[in-house]
Amino acid sequence: AMPCHVARHRSNVATPWTTGQRLNDQVSPNVVNMTHAKYAYVRHHWTDYLMLTKTDGVHCVAFVHKASQTLYLYLQKGRSCMAVGLAVPVSADYVLDGEFYTKDGIATFYIFDVYAKGDASTLGDALPDRLAALTDPLTPAHTNLRVVVKTALTLSEYQRLFRLVAADST
């Protein structure tokens, strides 16, 4: 079915795993606010960090439900919910973090973190390992939605990419 937005209060949203529970509307990514002091530290310890490009989409937490073969997208801290059937079967449940972006009639869910696979939390793992935990392709049955996993870049990789993009746009 095409995604639908929940018209009632988000605490009343019933999904296979939240029946009788209130949704936590305090879910959001762990974003580092850059200050001069943090920048000075990162500048000298840049090999300890990875970067993800920002698409300027809406924050979105997702749940992949293996039993129903459905991708549930929760936008705006759970105020909007979409359920999308999957065209390719998945082998596990997943909890994902990302952003939902639309352009020219095509919607994209960009995944930038995997919080859990099945019953196992991935939060103690490094970011590349968390992203690698998503071993199933997420192929929505609806053709106007695509799912893309973001690539974590080192600072030097990001700088090379920026130089390539800047050179290509001139």
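Predicted model: local features only at pLDDT ≥ 70, side-chain atom pairs only at ≥ 80, totals over all residues.

Reader: Which residues touch the most other members of the largest nonpolar core?
Author: A nonpolar core is a set of buried Ala, Val, Leu, Ile, Met, Phe, Trp, Tyr and Cys residues joined through side-chain atoms within 4.5 Å. Buried means under 20% relative accessible area, exposed means over 50%, and partly exposed is in between (1.4 Å probe, protein chains only). The largest core has 23 residues. Val-64, Leu-73, Leu-96, Phe-100, Phe-109, Ile-111 and Leu-138 touch the most other members.

Reader: Which elements give two or more residues to this core?
Author: Helices (H or I, at least four residues) and strands (E, at least two) are DSSP runs, numbered from the N terminus. The elements that qualify are strands S1 (58–65), S2 (70–75), S3 (80–85), S4 (94–103), S5 (106–117) and S7 (145–149). S5 gives the most, with four residues.

Reader: How many helices and strands does the protein have?
Author: Three helices and seven strands. From the N terminus on, the order is α-β-β-β-β-β-β-α-β-α.

Reader: Why is the pair of Tyr-101 and Tyr-110 called tilted?
Author: Rings of Phe, Tyr and Trp (its six-membered ring) pair if their centres lie within 6.5 Å; planes under 30 degrees apart count as stacked, over 60 as edge-to-face and the rest as tilted. By this rule the count is one aromatic pair. The ring centres of Tyr-101 and Tyr-110 are 6.5 Å apart and their planes are at 55 degrees, so the pair is tilted.

Reader: Are these two tyrosines buried or exposed, and what makes them so?
Author: Tyr-110 has a relative accessible area of 14%, so it is buried. Tyr-101 has 25%, so it is partly exposed.

Reader: What lies over the face of Tyr-110?
Author: Lys-150 does, at 4.9 Å from the ring centre. The rule asks for NZ of Lys or CZ of Arg within 6 Å of the ring centre and within 35 degrees of the ring normal.

Reader: How do you know that Cys-60 is in no disulfide?
Author: A disulfide is a pair of cysteine sulfur atoms within 2.5 Å. The structure holds zero disulfides. For Cys-60, the nearest cysteine sulfur is that of Cys-81, 9.3 Å away. Cys-60 is buried, with a relative accessible area of 0%. Cys-81 is buried too, with 7%.

Reader: What makes Thr-151 exposed?
Author: Its relative accessible area is 57%, so Thr-151 counts as exposed. Thr-151 is in the loop between S7 and helix H3 (155–168). Apart from neighbours within four places in sequence, Thr-151 is in contact with Met-51 and Leu-52.

Reader: Why does Leu-86 count as buried?
Author: Leu-86 has 12% relative accessibility, so it counts as buried. Leu-86 is in the loop between S3 and S4. Leaving aside neighbours within four places in sequence, its contacts are Val-64, Gln-69, Thr-70, Leu-71, Thr-139, Pro-140 and Ala-141.

Reader: Where is Asp-56, and is it buried or exposed?
Author: Asp-56 is in the loop between helix H1 (36–44) and S1. Its relative accessibility is 64%, so Asp-56 counts as exposed. Asp-56 also has a positive phi of about 65 degrees, although it is not a glycine.

Reader: How much of the protein is buried?
Author: Buried residues make up 35% of the 170 residues.

Terms used: Residues numbered from 1 in each chain as written. Heavy atoms only, no water. Contact = heavy atoms within 4.5 Å.
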